[in-house]
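Please look through the sequence and the 3D structure shown here. The paragraphs after them go from the overall fold to single residues.

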Amino acid sequence: MAEAELIFITGGVRSGKSDYAEQQLQLLAESYHAKRLIYVATGVAFDDEMKKRITRHQLDRQKHPQNWVTLEQPTDLHQLLSTIQQGDAVLWDCVTTWLTNEFYEGFETGICNWQRPLKLEKRMAEMKATILQLHAMQIPLVIVSNEVLDEPVSNSVEVKLYQQHLGHLHQWFVQQATQAIEMEYSYVHKWK
């Protein structure tokens, strides 16, 4: 059996990534005869702007003829394994939001995960294992991230650590991907 597709899409904010990712997942769902289209949402509506973005994404998905199943999973991505099943096609939007959520989990206690390197490394390892397990189940995956690494490395320990983790994650996703795509101004550049 041929390897299931794993499409990694990155690019700038408002570059057309999410719309393109939804189109790609629908094409994959047709070719794999997927029973369900799963949208793994990591966004948490902390403010008005995020509430508007979440609503816009929900309305965009409602325009498509296929029914989407939305799974809200801001952290602990490995919990998806109890819900996602063979015959699904999965869109995860997005890595940067998930990483931010994992970074700041524990904020209310005064100690965030970014301040507990072993906890953060465990979460990242669980996420990678989850992606590899879904891929091994022959589930087509489309994974979206944001390209925020064009800026110089920050002097802030916290921001520098985030940049390092995101850079390593992007490299890992590209290694795993069957296709690696960068979006700029709604134009697609295929790197792999």
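The model is a predicted one. Of its 192 residues, 48% count as buried. Among contacts between residues at least 6 apart in sequence, 74% join residues at least 24 apart.

The strands come together in a sheet. In what order do the seven strands lie in the open sheet? The order is β3-β2-β4-β5-β1-β6-β7, and the pairing is mixed. At the edges are β3 (68-72) and β7 (187-190), each of which pairs on one side only. Direction ignored, neighbouring strands of this sheet are turned by 20 degrees against each other on average.

With β2, strand β4 pairs in the parallel sense over six bridges. Leucine 91 in β4 has tyrosine 39 opposite. Strand β4 (residues 88-93) also runs parallel to strand β5 (residues 141-144), and four bridges join the two. Here leucine 91 has valine 142 of β5 as its bridge partner, while valine 90 stands opposite leucine 141 in β5.

Is β4 enclosed or open to the outside? Six of the six residues of β4 are buried, so this strand is largely enclosed by the rest of the structure. Both of its faces are covered: Asp88, Val90 and Trp92 are buried on one side, and Ala89, Leu91 and Asp93 are buried on the other.

Next comes the nonpolar interior. In soluble globular proteins, nonpolar side chains tend to be buried together. In this model the largest nonpolar core has 30 residues, of which Trp92, Ile131 and Phe173 touch the most other members. The elements that each supply at least two residues of this core are β1 (6-11), β2 (36-41), β4, α3 (95-104), α4 (117-136), β5 and α5 (157-176). A second, separate core of 19 residues includes Ala34, Ala41, Val142 and Val144. Returning to isoleucine 131, and not counting residues up to four places away in sequence, this residue touches Leu6, Leu77, Trp92, Leu141, Ile143, Trp172 and Phe173.

Leucine 141, one of those contacts of isoleucine 131, is found in strand β5. Its relative accessibility is 2%, and because buried means under 20%, leucine 141 counts as buried. Leaving aside neighbours within four places in sequence, leucine 141 is in contact with Glu5, Leu6, Ile7, Leu28, Val90, Ile131, Leu134 and His135. The C-alpha atoms of leucine 141 and isoleucine 7 are 6.2 Å apart in space, though the two residues are 134 apart in sequence.

Rolling a probe the size of a water molecule over the atoms shows where empty space is left. The structure holds one cavity of 30 Å³ or more, and the largest cavity has a volume of about 40 Å³. Which residues line the largest cavity? They are Val40, Leu77, Leu80, Val90, Trp92, Thr130, Ile131, Leu134 and Leu141. The elements that give two or more residues to this lining are β4 and α4. Of the elements, α4 gives the most, with three residues.

The relative accessible area of threonine 10 is 7%, so it counts as buried. Apart from neighbours within four places in sequence, threonine 10 is in contact with Lys17, Ser145, Asn146, Glu147, His170, Ile181, Glu182 and Met183.

Last come some details of the backbone. Most residues other than glycine have a negative phi, and most peptide bonds are trans. The peptide bond from aspartate 93 to cysteine 94, however, is cis, with omega near 10 degrees. Cysteine 94 lies in the loop between β4 and α3. Histidine 33, in the loop between α1 (17-32) and β2, has a positive phi, near 55 degrees. Is histidine 33 buried or exposed? Histidine 33 counts as exposed, at 66% relative accessibility. Tyrosine 185 has a positive phi near 55 degrees and lies in the loop between β6 (179-184) and β7. With a relative accessibility of 70%, tyrosine 185 counts as exposed.

Conventions. Residues are numbered from 1 along each chain as its sequence is written. This is a predicted model: local features need pLDDT of at least 70, side-chain atom pairs count only at pLDDT 80 or more; totals for chains, interfaces and linings use all residues. Side-chain values use heavy atoms; hydrogens and water are left out. Two strands pair if DSSP finds at least two bridges between them. Axes are lines fitted to C-alpha atoms, for helices over the stretch in contact, and angles run from 0 to 180 degrees between N-to-C directions. Buried means under 20% relative accessible area, exposed over 50%, partly exposed in between (1.4 Å probe, protein chains only). Contact means heavy atoms within 4.5 Å. A nonpolar core is a set of buried Ala, Val, Leu, Ile, Met, Phe, Trp, Tyr and Cys residues joined through side-chain atoms within 4.5 Å. On a 1 Å grid over the protein atoms alone, a cavity is a set of points where a 1.4 Å probe fits but cannot get out, and a pocket is an open set with protein on both sides within 12 Å along at least five of seven lines; lining residues have an atom within 4 Å of a point. Grid points are joined across faces, edges and corners, and a volume is the space filled by probe spheres set on the points.
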